[in-house]
Amino acid sequence: MPMGDIKAKWEAFGWNVIPCDGHDVDQLMNAFNEAGDTRGPCVILAYTVKGKGVSFMEGKSAWHGKTIGDQEYEAAMAELGAEESCAMQSLAVEYVRKEAN
């Protein structure tokens, strides 16, 4: 569903807007850091694609919020590279812990 210019809508209400690629961990980390240094209300617009990286799910809204079976899970994890995915999760957890202290 088209949402129009989301960035312009937030800016119209006086918010600082930080757009980034929601699939890029480095861009997300930079956005979080920038948001922490920003005065006033701030929103991060992390642009994403549903099911990104899984051929049978990517861009298909029917999969949004749907439970997958064991075979679909195994196929998805293989396409995503399960080890790489775990490494990205570890980076995110490390960042959250760092920011909490």
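Visitor: What makes up the chain in helices and strands?
Guide: The chain has four helices and two strands. Helices (H or I, at least four residues) and strands (E, at least two) are DSSP runs, numbered from the N terminus. Along the sequence the pattern reads α-β-α-β-α-α. This is a predicted model: local features need pLDDT of at least 70, side-chain atom pairs count only at pLDDT 80 or more, and totals for chains, interfaces and linings use all residues. Residues are numbered from 1 along each chain as its sequence is written, and side-chain values use heavy atoms, with hydrogens and water left out.

Visitor: Why are β1 and β2 called paired?
Guide: Two strands pair if DSSP finds at least two bridges between them. Six bridges join β1 (residues 16–21) to β2, so the pair meets the definition. The two strands run parallel. Valine 17 has valine 43 in β2 as its bridge partner. For proline 19, the bridge partner in β2 is leucine 45.

Visitor: What makes the β-α-β crossover from β1 to β2 right-handed?
Guide: The chain crosses from β1 through helix α2 (residues 25–36) to β2. A crossover is right-handed if, with the strands pointing away from the viewer, the path from the first strand over the helix to the second runs clockwise. This crossover is right-handed, so its path runs clockwise in that view.

Visitor: Why is alanine 31 called buried?
Guide: Alanine 31 has 1% relative accessibility. Buried means under 20% relative accessible area, exposed over 50%, partly exposed in between (1.4 Å probe, protein chains only). Therefore alanine 31 counts as buried. Buried residues make up 15% of the 101 residues in the chain.

Visitor: Which residues does alanine 31 touch, not counting residues up to four places away in sequence?
Guide: Alanine 31, in helix α2, touches Ile18, Cys20 and Ile44. Contact means heavy atoms within 4.5 Å. The C-alpha atoms of alanine 31 and isoleucine 44 are separated by 6.7 Å. These two residues lie 13 apart along the chain.

Visitor: What classes of residue line the second largest pocket?
Guide: The lining has six nonpolar, three polar and two charged residues. Ala, Val, Leu, Ile, Met, Phe, Trp, Tyr, Cys and Pro count as nonpolar, Asp, Glu, Lys and Arg as charged, and the others, Gly among them, as polar. Lys50 and Lys60 line this pocket, so they count as charged. The largest share of the lining, three residues, comes from strand β2 (residues 42–47).

Conventions:
1 Å grid on protein atoms, 1.4 Å probe; cavity = no way out; pocket = protein on both sides within 12 Å on 5 of 7 lines; lining within 4 Å.
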